[in-house]
Amino acid sequence: MNNMEGLTIAEMAEMLGIPYETAKVRLFRAGIKPVTKDALYDKSALEAIRNVPGKGRPKKAKPEAPAKAAKPAKK
């Protein structure tokens with residue numbers, strides 16, 4: 001009767017191999033709303049939440065090790 005295409009949160013979580021609640025939070029953080037009242041999301045939402053950055057400040061990049069100075073030759 002209803003031929004709507006889309007994915008539920010449970011289906012997206014299973015496809016991504018993440019817990020249900022994680023998928024739910026990622027959708028919320030990305031600001032993605034369901035397409036229908038039955039909580040079906042567009043298929044593009046799956047790619048949108050695949051690599052959502054974590055909450056908080058990003059880690060600092062490690063500085064490169066300074067090059068060692070050459071020792072002067074002894075006479």
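1. The axes of H1 and H2, where axes are lines fitted to C-alpha atoms over the stretch in contact and angles run from 0 to 180 degrees between N-to-C directions, come within 8 Å and cross at roughly 110 degrees. That makes H1 roughly perpendicular to H2, given that 65 to 115 degrees counts as roughly perpendicular.

2. This is a predicted model, in which local features need pLDDT of at least 70 and side-chain atom pairs count only at pLDDT 80 or more, while totals for chains, interfaces and linings use all residues. Residues are numbered from 1 along each chain as its sequence is written, and side-chain values use heavy atoms, with hydrogens and water left out.

3. On the H1 side, the contact with H2 (contact meaning heavy atoms within 4.5 Å) is made by Ile9, Ala10, Met12 and Ala13, and on the H2 side by Tyr20, Ala23, Lys24 and Leu27. By class, this contact has 7 nonpolar, no polar and 1 charged residues, where Ala, Val, Leu, Ile, Met, Phe, Trp, Tyr, Cys and Pro count as nonpolar, Asp, Glu, Lys and Arg as charged, and the others, Gly among them, as polar.

4. The chain has 3 helices and 0 strands, these being DSSP runs numbered from the N terminus, with H or I over at least four residues for helices and E over at least two for strands. Along the sequence the pattern reads α-α-α.

5. Not counting residues up to four places away in sequence, Ala45 touches Met12, Leu27 and Ile32.

6. Buried residues make up 20% of the 75 residues in the chain, with buried meaning under 20% relative accessible area, exposed over 50% and partly exposed in between, for a 1.4 Å probe and protein chains only. Of the contacts with a separation of 6 or more, 53% are accounted for by residues 24 or more positions apart.

7. Asp42 lies in the loop between H2 and H3 and is partly exposed, with a relative accessible area of 43%. Although Asp42 and Gly6 are 36 residues apart in sequence, their C-alpha atoms are 5.0 Å apart in space.

Conventions:
Parallel < 35°, antiparallel > 145°, perpendicular 65-115°, else oblique.
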